[in-house]
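Let's take a walk through this structure together. Keep the sequence and the 3D view open, and follow along from one stop to the next.

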Amino acid sequence: MSAILALFRRDLALAWSAGSGAAAPVGFFLGAAMLLPLSVGAERTLLGAIGAPILWIAAALASLMVLERLFQADLEEGGLDQMLLSPAPLEALAAAKAAALWVGVGLPIAAAAAPAAIALQAPPAAAGAIALGLAIGEAAFLFAGLVGAAAAASVKRAGVLIALLVLPFFAPPILFGAAAAAAAAEGAPFGPAFLLLCGTTLFALALGPIAAAAALRLQAT
Amino acid sequence: MSADFTDPVWMYVGGAYLLAALGFGALGVVIIGRLTRWARAARMDTESS
Amino acid sequence: MIQAFANPARFLSFSAWAWPFAGVAALILFAIGAPWALVFSPGDYQQGESVRIMYVHVPAAWWALGIYAFMGGASFVSLIWRHALADVAARAAAPIGAFYAGLCLVTGSLWGAPTWGTWWVWDARLTSMLILFLTYLGYLALHAAIDDEERAGRLAAVLCLAGLINLPIVHYSVEWWSTLHQGASLLRDGGAAIHPSMLGPLLTMAGAYAAAFAALLLANMRADVFRRRVEAARLRRARAS
């Protein structure tokens, strides 16, 4: 247990330290969301209809950015060997890394989504529900993304490869997440889409660490 | 009753069959080409050793 | 069963006659099925002539899924029993499966354009086929990106099994999603009631696609077994000199 907590703290510190800080993915998220009104125009009703779903796309892309380095540094610097030698199960350690990433990057993105949603003409009362949905969806993105990050950990410059591997796993959460966000913007915050989003997130939480651990064991041999 | 070739939808039907035929042909040429190349290399290896 | 194919030499002697056999079977079935489907079968009373696209489209959809299931089985065997030939089989099947999925998408669009009046709709079947196509591409890309071939095969096997879980989730997600949005019911193509006169050409074409897959798979696997032999021999010579 202590090994799991220690890894969680170390990865969280890494996520918030300079260089690989949470500021970069959050900034990327806001920048990508900003491109929307610049590309479709500032028409308020149009933005109100598509703004919240677009935030989901921006969040998915921002999570892809942070997945590339997730296991590469461990593989290069021997952290992976220590994880394998540790008495804690590798599945739990992989989950701890994803959880640290969720707290360090996922939650800041979700928090930044609230003002971004208001700027994209969602009703201010719905901003909280949109941010809550994104916080849950970020967990699905990061835990499902673990699989691709672990499988491609030994590949140099794996960014595009990881994106290709992981995007099919992003389909279910983004379907329900964007539907829930659109419903929230229309004033019905916690409908069936929100519950289905929670369901897909639970799926990713349960299966992502198992598959990632299987891939990590192969990386070490 | 069989095919009615006057129907303009034959553009799409013909296109679909043409693409399928071209695709199968191209895939077959690539895979069989790969097989002949490596089979020949393997044969030359066993002869030389 | 698994042990019988464990030996590459035995596989080579079996596939030496099996792949041309399957290839000839595919050519014969195509020679019967294609004219039957294209000319001699009746047009549909509702869809008219465009129903003929179904005979190249539906078998591609069936076998694109079937080949992925086959790869999933081979990946499982490769991970559990560390069976080298299972890895060769999964890798050799992937480009064929990607081709079937791509063919399914293109012919589906060609059917949709005159029938629905649009090239693409985001319903469950089309979306999951697109995701399947992307999954095939991801498998091939991961396999190609890792230099150590054994590790590449087994990491790709993990990815393949994860994708096998993802596909039904995507399929049902899109179905539930479209019921949330309502009104996807206008897109009930084909349907359960296939007229018996269409079953003959459809099953012949499905058989042709299956035989073509078997022939291309065995040929591709043979090429891989030969390639590994040649590369191992080259490595031995390089070490000896």
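Predicted model: local features only at pLDDT ≥ 70, side-chain atom pairs only at ≥ 80, totals over all residues.

R34(B) is partly exposed, with a relative accessible area of 21%. Is D224(C) buried or exposed? With 4% relative accessibility, D224(C) counts as buried. As a bit of background, side chains of opposite charge can pair when their charged atoms come close.

Now stay with helix α6 of chain C and look for R228(C). R228(C) forms a salt bridge with E149(C), where the closest N and O atoms are 3.3 Å apart. R228(C) is in helix α6 and E149(C) is in helix α5 (residues 149–181) of chain C, so this pair ties together parts that are 79 residues apart in sequence. R228(C) is partly exposed, at a relative accessible area of 26%, and E149(C) is partly exposed with a value of 26%.

E231(C) is partly exposed, at 34% relative accessibility, whereas R227(C) is buried, at 12%. Salt bridges that share partners join R34(B), D87(C), E149(C), D224(C), R227(C), R228(C) and E231(C) into one network. Over all chains, the count comes to 10 salt bridges.

Let's zoom out to the chains. Of the 2 pairs of chains that touch, chains B and C have the most contacts between them. Chain A and chain B, on the other hand, do not touch, and their nearest C-alpha atoms are 23 Å apart.

Chain C itself has 6 helices and 0 strands. Of its 241 residues, 51% count as buried. Chain C exposes about 11,000 Å², and carbon and sulfur atoms supply 68% of that area. If you take the contacts in chain C between residues at least 6 apart in sequence, 79% of them join residues at least 24 apart.

Next, trace helix α3 (residues 84–115) of chain C. Its 32 residues reach 46 Å from the first C-alpha to the last, close to the 46 Å expected at 1.5 Å a residue. Where does α3(C) kink? There is a kink of about 30° at A94(C), shortly before the proline P95(C). In α3(C), 26 of the 32 residues are buried, so this helix is largely enclosed by the rest of the structure. After α3(C) comes G117(C), which has a positive phi, near 80°.

S75(C) is buried, with a relative accessible area of 1%. Leaving out residues up to four places away in sequence, S75(C) touches A90(C), A157(C), C160(C) and L161(C).

Now head for the surface. V24(C), I28(C), I32(C), W36(C) and F40(C) form a nonpolar patch there, with about 490 Å² of accessible area together. One of these residues, F40(C), belongs to helix α1 (residues 8–40) of chain C. F40(C) is exposed, with a relative accessible area of 56%.

Last stop: chain A. R9(A) lies in helix α1 (residues 2–16) of that chain, and R9(A) is exposed, with a relative accessible area of 55%. How many residues separate R9(A) and A96(A) in sequence? They are 87 residues apart in sequence, yet 9.0 Å apart in space, C-alpha to C-alpha.

Notes:
Residues numbered from 1 in each chain as written. Chains lettered and ligands numbered in written order. Heavy atoms only, no water. Patch = residues over 30% accessible without salt bridge, like charges linked within 9 Å, V, L, I, M, F, W, Y side chains within 5 Å. Areas by Shrake-Rupley, 256 points an atom, 1.4 Å probe, with all protein chains shown as cover. Salt bridge = Lys/Arg side-chain N within 4 Å of Asp/Glu carboxyl O. Helix = DSSP H or I, 4+ residues; strand = E, 2+ residues; numbered from the N terminus. Buried < 20%, exposed > 50% of the residue type's maximum accessible area, 1.4 Å probe, protein only. Expected span 1.5 Å × (residues − 1). Bend = angle between axes of the 7 residues up to and from the residue. Contact = heavy atoms within 4.5 Å.
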